Amino acid sequence: FDSALVEYQARRDLSLAYAYIWRVNRVYGADHPQGIYDSNSHALHATYTGLPGGTLSAYAYLLEFKGAVVGNSCATYGLSFDGQRTLGRFDIGYHAEYALQTDYGNSPLFFSANYLAGELNAGLDRYALGVGYELQGTDNNFAFRTPLGSLHNFNGWADVFLLTPAQGLRDTYGKVSARLPWWEIGLLGYYHQFSTDTGLDLGSEIDLQATYQISESLGATVKYASFR
């Protein structure tokens, strides 16, 4: 981003941030038709850590673009809650989030779509299990969009859903991770079940990953994805 960021620690448990973004430099390079976004965008974020169960965040992303990508202009307003606690020998982590997205600024579209996500994890020593659900809703045949997202990190590593289907996307998943006691090898696996927001089955995916820290400054990763 070409942007300006202001952060303010209002009090010990409350922090605020505002960013203005006037240009987005995407991974495709300046010569690609979608390599650069001319932007008139605002991002606001507030974080409150004073709750006993975790951290509450509120955000508003008012994204306005020009030219061929004007359809990506949108306003997203959301709340998220993250926490972690110990129950006996288990470390329990949880995440819940809701957002509403609408057309914004110069967008030629007219829609109002929901976003919903939840995840629960339990860890014991070197092993952990987790389950999660994510919904990118749809309205007027326009799906919830993330034009500035790191898309490979979500909805499976096979990158089948880099563009969210117009009918929306539901991702129900489970994951397991382990750190082997020998050679400090890390293992991570996901199983995803995908469907549209209207319930149409889209398929399933298995993702597997192994990591090894060779030295303090050198690591190795092997990753596999299979979508059906």
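In which loop does Asp125 lie? The loop between strand 7 (112–124) and strand 8 (127–136) holds Asp125; strands are DSSP runs of E with at least two residues, numbered from the N terminus. The model is predicted, so local features need pLDDT of at least 70 and side-chain atom pairs count only at pLDDT 80 or more, while totals for chains, interfaces and linings use all residues. Residues are numbered from 1 along each chain as its sequence is written, and side-chain values use heavy atoms, with hydrogens and water left out.

Asp125 is not a glycine, yet its phi is positive, at about 55 degrees. Asp125 counts as exposed because its relative accessibility is 67%. The classes are buried (under 20% relative accessible area), exposed (over 50%) and partly exposed (in between), with a 1.4 Å probe and protein chains only.

Asn140 also has a positive phi, about 60 degrees, without being a glycine. Its loop runs between strand 9 (138–139) and strand 10 (142–143). Asn140 counts as partly exposed because its relative accessibility is 49%.

His95 belongs to strand 6 (residues 90–103). At 23% relative accessibility, His95 is therefore partly exposed. Leaving aside residues up to four places away in sequence, His95 touches Ser80, Phe81, Asp82, Ala117, Gly118 and Glu119; contact means heavy atoms within 4.5 Å. The His95 side chain makes polar contacts with the side chains of Asp82 (2.6 Å) and Glu97 (3.1 Å). A polar contact is a pair of N or O atoms within 3.5 Å; within protein, one must be able to donate a hydrogen and the other to accept it, and residues adjacent in sequence count only if both atoms are side-chain atoms.

Methods: Helix = DSSP H or I, 4+ residues; strand = E, 2+ residues; numbered from the N terminus.
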